[in-house]
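Student: I have a two-chain model to go through. Could you take me through the helix packing and the contacts between the chains?

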Amino acid sequence: MPRLSSLWNLANPTRFLGLADRLLPWLAALAAALLAVGLYLSFFVAPPDYQQGETVRIMFIHVPAAWLGLFMYVMMSASALGTLVWRHPLADVAQKAAAPIGAAFTFVCLVTGSLWGKPMWGTWWVWDARLTSVLVLFLMYLGIMALWRAVDDPGRAARAVAVLTLVGVVNIPIIKFSVDWWSTLHQPAAVFRIDGPTIHPSMLWPLLVMALAFTVLAVALHVAGMRNEILRRRVRSLWLMEAERLDAGAETAAGAAR
Amino acid sequence: MTRAFLALVLRDLRLAARVGGSGAMGLVFFLMLVAVVPFALGPDLNLLARIGPALLWFSAVLATLIGLDRLFQTDVEDGAIDLILSSDTPLEVLVAAKGVAHWLTTGLPLALLAPLFGLLLALTPGAMLAVAATLVVGTPALTFIGAVGAALTASLGRGGLLLAILVMPLMVPTLIFGVSAANAATGGTIAFLTPFLILAALSLVAIVIGIFAAAAALRQSA
């Protein structure tokens, strides 16, 4: 099983760290380049919308952020399965590193959506099905991060968070299809449709470049986050070992004094 | 299996009824919430009648949270959890028993007393009946969603607030359909049955997912 064994090779944190150190500069550079191209395309090349005018450019940030907010949660659920089913040692590291990144993308999505909503809908916020379900997603990210901080032992925290993540996954299809099930204020999907995208190519291309840029950015941040988490755990175990050593030293000293 | 189930339900009911149990506390808290809101909003009966169903539902969610943080925590503290975990009976059955006992001491009394509290909010008899019916059908969902959070935070000393943060987002759909069914009964554009059936479906799904997820969480954390 060559392919499976390569996944298990990565289970060795040292090997992962080596790979991460080699990959990260490339990923970061690629993300920066794609973001530069994407932002140039969306602010200077893409035409203003005939109805929305210049505010349509907010969409080039809003939509990729929303996709990534969902994507990171799906990634976290896959890692949660990895934690619970296969006990893959890096799965809980991936899970922990993904939560703040997903929360940040969801937050960007909510903020840009609200900035767009003020001129277009005339209000910062409406209690529409899509907006409400994305807000619930954001709250769930916060709850997951709170649970991570509440349990001391990383292994136990990982399994508790994994259960919670898998329960919360029911919200993902609700968010995706909320615009189709309840036809309220938010626009339905325009890119991923069975009958092809309904968005004009002049706007579709900048959007796709931005989506790619956000994805590479998310992957780069995630790898960096995982590396930091592994290092943090190493520091923690060094501390524990040092404390134990000092403790043992104090005990023998006390024994000698007695 | 049935005997173990019944024994655990009876034990929890007895514990809830005795000194230190949270049996009546949820109800008192429920009454307190309903009584405090008119002070904040002003005693306008028309306004209270309009938001009454939503208010009762919101109070029910908060009152459910009251007893939840102790659902498994007391068992972890007094060691009963080890007996529960090592029993021959599947853990899922015993988690279901604990959930049923919790529902019998909070959800069901809340639903039965909701018409009485509806009087304070000037609800019409039809609205009272609708709120009670939606609460009977919807509160099992609240209990079993909450049971997941209770199992996750069972071994944490300070789980109370965390529990609320974890489970409130998951309770939102139940709240939405509970309130919309109650409002539909008092005259709206949609039929009562549509949101009511969705609420019933949510409850059934929550019971199944809640039991299995809470059992998994207990195995991992306790």
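The conversation below goes through the chains one topic at a time.

Student: What should I know before reading any values?

Tutor: This is a predicted model, in which local features need pLDDT of at least 70 and side-chain atom pairs count only at pLDDT 80 or more, while totals for chains, interfaces and linings use all residues. Residues are numbered from 1 along each chain as its sequence is written, and chains are lettered from A and ligands numbered from 1 in the order in which they are written.

Student: How many helices and strands does chain A have?

Tutor: Chain A has eight helices and zero strands. Here helices (H or I, at least four residues) and strands (E, at least two) are DSSP runs, numbered from the N terminus.

Student: How much of chain A is buried?

Tutor: Of its 258 residues, 34% count as buried. A residue is buried if 20 or more other C-beta atoms lie within 10 Å of its own, exposed if 12 or fewer, and partly exposed in between, with C-beta atoms placed from the backbone.

Student: And the contacts in chain A, what share joins residues at least 24 apart?

Tutor: The share is 76%, taken among contacts between residues at least 6 apart in sequence. Two residues are in contact if their C-beta atoms, placed from the backbone, lie within 7 Å.

Student: At what angle do α4 and α5 of chain A pack?

Tutor: Helix α4 (residues 91-121) and helix α5 (residues 129-150) of chain A pack at about 150°, with their axes 9 Å apart. Axes are lines fitted to C-alpha atoms, for helices over the stretch in contact, and angles run from 0 to 180 degrees between N-to-C directions. α4(A) and α5(A) are therefore roughly antiparallel to each other. Angles under 35 degrees count as roughly parallel, over 145 as roughly antiparallel, 65 to 115 as roughly perpendicular and the rest as oblique.

Student: Is that crossing left-handed or right-handed?

Tutor: The crossing of α4(A) and α5(A) is left-handed. A crossing is left-handed if the near helix is turned anticlockwise from the far one by less than a right angle, and right-handed if clockwise.

Student: Which residues meet there?

Tutor: Among them are A:Lys96, A:Ala103 and A:Phe107 in α4(A), and A:Leu135, A:Tyr141 and A:Trp148 in α5(A). The residues of the contact of α4(A) with α5(A) divide into 15 nonpolar, two polar and one charged. Ala, Val, Leu, Ile, Met, Phe, Trp, Tyr, Cys and Pro count as nonpolar, Asp, Glu, Lys and Arg as charged, and the others, Gly among them, as polar.

Student: Where is A:Arg87 found?

Tutor: A:Arg87 is in the loop between α3 (59-86) and α4 of chain A. Its phi is near 55°, a positive value in a residue other than glycine. A:Arg87 is partly exposed, with 13 other C-beta atoms within 10 Å.

Student: What does A:Ile58 touch?

Tutor: A:Ile58 touches A:Thr112, A:Leu115 and A:Trp116, not counting residues up to four places away in sequence. A:Ile58 lies in the loop between α2 (13-45) and α3 of chain A, and is partly exposed, with 19 other C-beta atoms within 10 Å.

Student: Moving to chain B, how do α2 and α3 cross?

Tutor: The axes of helix α2 (residues 25-41) and helix α3 (residues 45-68) of chain B come within 9 Å and cross at roughly 145°. α2(B) passes α3(B) in a right-handed crossing. By class, this contact has 16 nonpolar, three polar and no charged residues.

Student: And α6 with α8 of chain B?

Tutor: Their axes come within 10 Å and cross at roughly 130°. α6(B) and α8(B) are therefore oblique to each other. The contact includes B:His102 and B:Trp103 of α6(B) and B:Phe144 of α8(B). By class, the contact of α6(B) with α8(B) has five nonpolar, four polar and no charged residues.

Student: Is B:Pro90 buried or exposed?

Tutor: With 12 C-beta neighbours inside 10 Å, B:Pro90 counts as exposed. The C-alpha atoms of B:Pro90 and B:Met1, 89 residues apart along the chain, are separated by 8.3 Å.

Student: Lastly, how many residues of chain B are in contact with chain A?

Tutor: 15 residues of chain B are in contact with 15 residues of chain A. On the chain B side, α8 (125-152), α9 (159-185) and α10 (193-221) each supply at least two residues. By class, that side has 13 nonpolar, two polar and no charged residues.
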